[in-house]
Amino acid sequence: MEQAEQAEQQGQHDDHEEPEDALIQEDRVWQGQGWTARVIKNEDDDGWAVAMIKDGEPEPALVGPWTMGRDKKNPKPLDISAFHTLVKTANEVIRRHEQQLHARLHKSVRVVTDEGAAITVKMVITPDEDEPYATLTAVDEYGDELASVRTRPDFRLSATSATEWIEGGYRKP
């Protein structure tokens, strides 16, 4: 009974309990949709910047200039409209980064053998900190795997190197 009375005195009710991690939505800090926008002093000049930090990440995904307020000294306050625009922009930056990373780690080339068979050679790089490596996989036009070998992560996949690998009996390059 004592705990219930203490909780009620502190404004905590079981049926209307406030979430412990209530979102902040203030002039210089705005949270929502998995992001925090924080208006910060621009270290390079007298202006202001806004940092977009994805929940759980230590570093901002995006830092950009922020508009001065009417007094030309303080930053313009954050609002819901500006926050939505910032979230959209930050999500786009992350999406482009992920696409670039995927393109860097996944390559493929299609070659046609002397016999007329179309073979796609795929290279997937595994960027392990201790022992990075790549996997070369040959797939026929029906999607059946013909061969797969592990190779160096700096292997240069091209039509020529893929053809040489195929003609060499799929031995490790």
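The buried residues of helix α2 are covered by elements that include β1 (29–32), β2 (35–41), β3 (48–54), β4 (62–66), β5 (106–112) and β6 (118–126). Contact here means heavy atoms within 4.5 Å, and buried means under 20% relative accessible area, with exposed over 50% and partly exposed in between (1.4 Å probe, protein chains only). Helices (H or I, at least four residues) and strands (E, at least two) are DSSP runs, numbered from the N terminus. The model is predicted: local features need pLDDT of at least 70, side-chain atom pairs count only at pLDDT 80 or more, and totals for chains, interfaces and linings use all residues. Residues are numbered from 1 along each chain as its sequence is written, and side-chain values use heavy atoms, with hydrogens and water left out.

**Overall layout**
- The protein chain has three helices and eight strands, in the order α-β-β-β-β-α-β-β-β-β-α along the sequence.
- Of its 173 residues, 29% count as buried.
- Among contacts in the protein chain with a separation of 6 or more, 30% are between residues 24 or more positions apart.

**Helix α2**
- The 26 residues of α2 (residues 80–105) should span 38 Å at 1.5 Å a residue, and the end C-alpha atoms are 37 Å apart, which agrees. The expected span is 1.5 Å times one less than the number of residues.
- A82, F83, L86, V87, A90 and L105 are the residues buried in α2.
- An α-helix has 3.6 residues a turn, so residues three or four places apart point the same way.
- D79 caps the N-terminal end of α2, with a side-chain oxygen 3.2 Å from the backbone nitrogen of S81. A polar contact is a pair of N or O atoms within 3.5 Å; within protein, one must be able to donate a hydrogen and the other to accept it, and residues adjacent in sequence count only if both atoms are side-chain atoms.

**Aromatic pairs**
- The whole structure holds two aromatic pairs. Rings of Phe, Tyr and Trp (its six-membered ring) pair if their centres lie within 6.5 Å; planes under 30 degrees apart count as stacked, over 60 as edge-to-face and the rest as tilted.
- The W30 and F83 rings have centres 6.5 Å apart and planes at 35°, so this pair is tilted.
- This pair links distant parts of the chain, since W30 lies in strand β1 and F83 in helix α2, 53 residues apart.
- Both W30 and F83 are buried.
- W165 and Y170 form an edge-to-face pair, 5.1 Å centre to centre with 80° between the planes.
- W165 is buried at 4% relative accessible area, whereas Y170 counts as partly exposed at 21%.

**Charges over rings**
- The charged end of K41 sits over the ring of W48, 5.0 Å from its centre.
- R150 places its charged end over the ring of Y133, 3.6 Å from the centre. The criterion is NZ of Lys or CZ of Arg within 6 Å of the ring centre and within 35 degrees of the ring normal.

**Nonpolar cores**
- In the largest nonpolar core, of 17 residues, I119, V121, M123, L136, L157, A162 and W165 touch the most other members. Such a core is a set of buried Ala, Val, Leu, Ile, Met, Phe, Trp, Tyr and Cys residues joined through side-chain atoms within 4.5 Å.
- Two or more residues of this core come from each of β5, β6, β7 (133–140), β8 (145–151) and α3 (159–167).
- β6 gives the largest share, four residues.
- A second, separate core of 15 residues includes W35, V39, V50 and A82.
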